[in-house]
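Student: I would like to look closely at one part of this model, and then to follow how that part relates to what lies around it.

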Amino acid sequence: MKSAAADAPPLPDLLGLSRAELAQALQPLADRPFRAVQIYEALHARGIADFAAMTDLTKDLRAALAERFRIERPEIAAREISEDGTAKYLLRLIDGASIEAVDIPDGDRRTLCLSSQAGCALACAFCVTGYWGAGRSLTAGEIVAQVHAIRQDRHHEADGLNLVFMGMGEPLLNLDNVRAAIEILSEQISLRRITVSTAGVIPGIEEMARWPRRPNLAVSLHAPDDELRSRIMPINRSHPLADLLAALRRYPLERGRRITFEYILIRDVNDSDEHADRLAKLLRGLPAKINLIPTNPDAVLGPGMVPPPPERTAAFQQRLYDRGYNATVRKTRGDDIGAACGQLRAFARDPRGFRREISPPRPSPAPEPEREPARAAARRPAGATSRNRAL
Ligand code: SAH
């Protein structure tokens, strides 16, 4: 709801406020203390996005609320539904920034893959979001609103939903807002069904370790040694594996819980038996689940970033099993609509943070030579490939 005039600052958004913050914000207005509870329930349990629809409030209070606050829902700028039922949303935020969120059916449950930032600064060599560049952090309200917008669009109950912070951005670089959003969302959806995935931001992991209640933690590992990991994940240069593993060994886990390690399999880069052996050794003693993800190829990533043949993936998984690890292979979902892991780019943007201007189509580039998987090669502007334009 864009109620503010174009040049006036937007009214404060209520969606990201905790119960206590909401009560405080409403104090000058509410005639009775229970009003804050009523409004909080209307916002979060009933998903109401319009003060006028809060019919259990007096008319005057509804009008006063609408004058002072907003309930910000993103605009659904595009929605694509994959053959497997996965739905990818392009959501436009109040300042025009765009993000993607994905709704993935999974038997009688569903997983919503949420973005925490409108882009990503980490520049992992295999990830299209990182290729596209950094974007601003989302507010807590914007994170919560992704769930509301999709639930309303798809008529989902909170029951049966899993939430994963595996969309665009690095959640641990926006941890205060991610935490505030989780506090709110976990009233409807159990913390056991919420997972935060990090590329390995150690200060963020240490901060989460101090939270009194925690969601599940997933770590994008992708390589078992510093040399390779630094090559494909630049964050490893400032947060190398020994420090990361030490922080994870200190991380408090409740009984029966494990840390999920995501490991993308990239053909001829990190998929050999030796890599599997080193991975097993690296994780020894940690309560770990390993999630193997055959790389989702993408035109902008080039031919250096493709999945291994299925036999190689199976052999890698077997190798980990033989060393006592629970390793699953993640089924690719929504790849026909560019909704799979590492394919989220909020397709209204051009690379490295520049919003697309309306411009005549550029000529197709000449065919490119075989590329190294190193990120320098993957940094070439790619907005001109036909695949990009199609998105
Ligand atoms: N920044 C966080 C959250 C993004 S999660 C993180 O790195 O964990 C996105 C997940 O998709 C991560 O495990 C990421 O490594 C994975 N991913 C990125 N690019 C991919 C690709 N091309 N194929 C498969 N998985 C990919």
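Student: How many residues surround the ligand, and which are the closest?

Tutor: This is a predicted model, in which local features need pLDDT of at least 70 and side-chain atom pairs count only at pLDDT 80 or more, while totals for chains, interfaces and linings use all residues. Residues are numbered from 1 along each chain as its sequence is written.

The ligand is surrounded by 15 residues, the closest being Cys-127, Ser-197, Ala-199, Cys-341 and Gly-342; a residue is near a molecule if its C-beta atom, placed from the backbone, lies within 6 Å of it. At least two residues of this shell come from each of β6 (194-198) and β8 (259-265), strands being DSSP runs of E with at least two residues and helices runs of H or I with at least four, numbered from the N terminus. Seven of the shell residues are nonpolar, six polar and two charged, where Ala, Val, Leu, Ile, Met, Phe, Trp, Tyr, Cys and Pro count as nonpolar, Asp, Glu, Lys and Arg as charged, and the others, Gly among them, as polar.

Leaving aside neighbours within four places in sequence, the contacts of Ala-101 include Leu-112, Gln-146 and Ile-150, a contact being two C-beta atoms, placed from the backbone, within 7 Å. Gln-146 and Ile-150 are among the buried residues of α5, as is Val-144, and what covers these buried residues includes β2 (87-92), β3 (98-106), β4, β5 and α6 (175-185). The 15 residues of α5 should span 21 Å at 1.5 Å a residue, and the end C-alpha atoms are 22 Å apart, which agrees; the expected span is 1.5 Å times one less than the number of residues.

After α5 comes His-155, with a positive phi near 55°, in the loop between α5 (140-154) and β5 (161-165). His-155 counts as exposed because it has 6 C-beta neighbours inside 10 Å. Ala-123, in the loop between β4 (109-113) and α4 (128-132), also has a positive phi, of about 55°, although it is not a glycine, but with 19 C-beta neighbours inside 10 Å it counts as partly exposed.

Conventions: A residue is buried if 20 or more other C-beta atoms lie within 10 Å of its own, exposed if 12 or fewer, and partly exposed in between; C-beta atoms are placed from the backbone.
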